[in-house]
Amino acid sequence: MHTNYYFLRQLAPALTEQLRGYRVAVCFSQEKDELVVGLTEGSKEFWLKAQLGATFPALALPETFQRARANSVDLFPDLLGQQAETVAAWPQDRVLQVNFRSGARLVFKLYGPRPNAIFRPAPDAPAQLFQQKLLADADLRPQPAPATLNAPVSPTKSVESEKSAESVVQTKLPPPLADLPLRYLRAQGYDPAPPETKARLVNQVLAQLEKPAHYYLVQLDGRTRLSLLPLGETLETFSGDDPVGALRRFVPLALGRRALELETKQLRQLLERRADEASTAAAHARQRLHALAHEAGYRHTADLIMAHLHAIPAGAAQIEVLDFYTNQPRLIKLKATEKPQRTAENLYRKGKNQQIEERQLTERIARREAEALTALERLEEMDTQPALAELRGLRVWRKQHGLDPTPAAAKAATELPFKVFEDRGFTILVGRNAANNDLLTQKYAHKDDLWLHAKDVTGSHVVIRHRAGQPVPEPVVEHAAQLAGWYSRRQHDSLCPVTVTPKKFVRKPKGALPGQVVVERERVVLVKPGNPFERAE
């Protein structure tokens, strides 16, 4: 109810008492949907900070405010020097108006979906809008209050007294803001009560709203609310003659709790996604390992070719032999244009790679299962640690476990001429062509960055940006290697060897063609080519 008419009508005279005689010293904005007005009288100062975003419109009253040295812009220049006279709430509306002695006025329209600030240097002067896209606000004027609004509800006026009572509630409280009083009435037994009792309850609530004894900061349905009626879990209570103090406490508390709820939700989604991705990756690796263990391997096939070499005619496309491992007939496909010895040689080489793949799959399964378990443990900690119920504690815990949010890859993509991906806080850059590869490796890459390339074929250079004091996790290397394979001639291979080395071991010989480099030291990883970020995108 911080933008409710019944609260604004209490806030207006309190602000009039504090602001009368103050002059506007500054008016600026330094964040989106924020208008800050600073008023002074001698050495005293008073700040109005209007939050004019659709998600949480509010008028904050910070005791002090420090203007940023950069990224702030002055607004409403004609407002500077104006001397405040009165503050008024528009009848039955969510609008607060500051009147100045010169006749100028500053209006804060606190409507939920479309808040705005409107300044007029004189009563008949054209309106200046903070949210300039809301052109209709230039004609906004207060509406006179109906004369019947102050009349109490009579239980004997007509046989339709029950409908009359409900009508008064809806008239006195605009529908977007009437939820708290209506909930309070229902909590007092309004729905099943006879008409006389309903009328009495409505009059009692209206009396409390028009002259509240207290202001309550309450927790209701997971939201922090400012209420003129005791509802939900009461967090703090303020005297009915201190609306300024109540508002000063409520806005930062509500914003902090909204930030806590948002960051907690985002953190849960991140951990759930990590657990799901790690579990899925481990399952896929386990399936691949099982397939390798139960199918005839490359070395097995090569052994059969060499054992039956004498029985293979020249130019044969296939041969059926007895598999001495299983004692079953086996059909082996051959290349008619290739000697059987050459085919066996290639199969032996693939068999060696297959052994490496099995070892890497085993390591990957263990690593990914550990990652999934860690993510699930972090989710359990979020439910059990009391310190995480506070924003400061949540941010400290998030930083300790390396879960800080990272800049969006889309922002980096607008600044760098490469394909850009983000993975666990590390930036992965992928060259677009030969010239672009040279630009990436020779100009942008740092000596401590990791450099990757599909082995023995043309393809994109891939760079994992170094982060001081943080070794690159193997899952990040694996994803970058998949990109290196995907953006190469090996894109459609079932398995791709990828060179991984610090950029300091990569040099470009004099006279080399664009994109050509020499690698002085390397390690090779085997991955399935692909873009692991396509699903997230």
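Gln-51 counts as buried because its relative accessibility is 15%; buried means under 20% relative accessible area, exposed over 50%, and partly exposed in between, with a 1.4 Å probe and protein chains only. The model is predicted: local features need pLDDT of at least 70, side-chain atom pairs count only at pLDDT 80 or more, and totals for chains, interfaces and linings use all residues. Residues are numbered from 1 along each chain as its sequence is written, and side-chain values use heavy atoms, with hydrogens and water left out.

Gln-51 sits in strand 3. Helices (H or I, at least four residues) and strands (E, at least two) are DSSP runs, numbered from the N terminus. Beyond its neighbours within four places in sequence, Gln-51 is in contact with Asp-33, Glu-34, Phe-56, Pro-57, Ala-58 and Leu-255. Contact means heavy atoms within 4.5 Å.

Strand 3 covers residues 44–51 and is mostly covered, with 6 of its 8 residues buried. Two strands pair if DSSP finds at least two bridges between them. The hairpin of strand 2 and strand 3 has 2 residues between the strands. Gly-42 in this hairpin takes a positive phi near 65°.

Strand 4 (residues 58–60) also runs antiparallel to strand 3, through 3 bridges. Gln-51 stands opposite Ala-58 of strand 4. A hairpin of 6 residues joins strand 3 to strand 4.

Axes are lines fitted to C-alpha atoms, for helices over the stretch in contact, and angles run from 0 to 180 degrees between N-to-C directions.

Strand 20 (residues 496–502) is joined to strand 23 by 5 bridges, and the two run antiparallel. Val-500 stands opposite Arg-523 in strand 23.

Next comes a helix pair. Helix 1 (residues 5–19) packs with helix 4 (residues 195–210) at an angle of about 35°, and their axes are 9 Å apart. Helix 1 contributes Tyr-6, Arg-9 and Gln-10 to the contact, and helix 4 contributes Leu-206, Leu-209 and Glu-210. These residues divide into 3 nonpolar, 1 polar and 2 charged. Ala, Val, Leu, Ile, Met, Phe, Trp, Tyr, Cys and Pro count as nonpolar, Asp, Glu, Lys and Arg as charged, and the others, Gly among them, as polar.

Last, the cavities. The structure holds 4 cavities of 30 Å³ or more. On a 1 Å grid over the protein atoms alone, a cavity is a set of points where a 1.4 Å probe fits but cannot get out; lining residues have an atom within 4 Å of a point. The largest cavity has about 90 Å³ of space. Its lining includes Trp-90, Gln-97, Asp-137 and Pro-142. Strand 8 (105–109) and strand 9 (116–120) are the elements that give two or more residues to this lining. By class, the lining of the largest cavity has 6 nonpolar, 1 polar and 4 charged residues.

Methods: 1 Å grid on protein atoms, 1.4 Å probe; cavity = no way out; pocket = protein on both sides within 12 Å on 5 of 7 lines; lining within 4 Å. Points joined across faces, edges and corners; volume = space filled by probe spheres on them.
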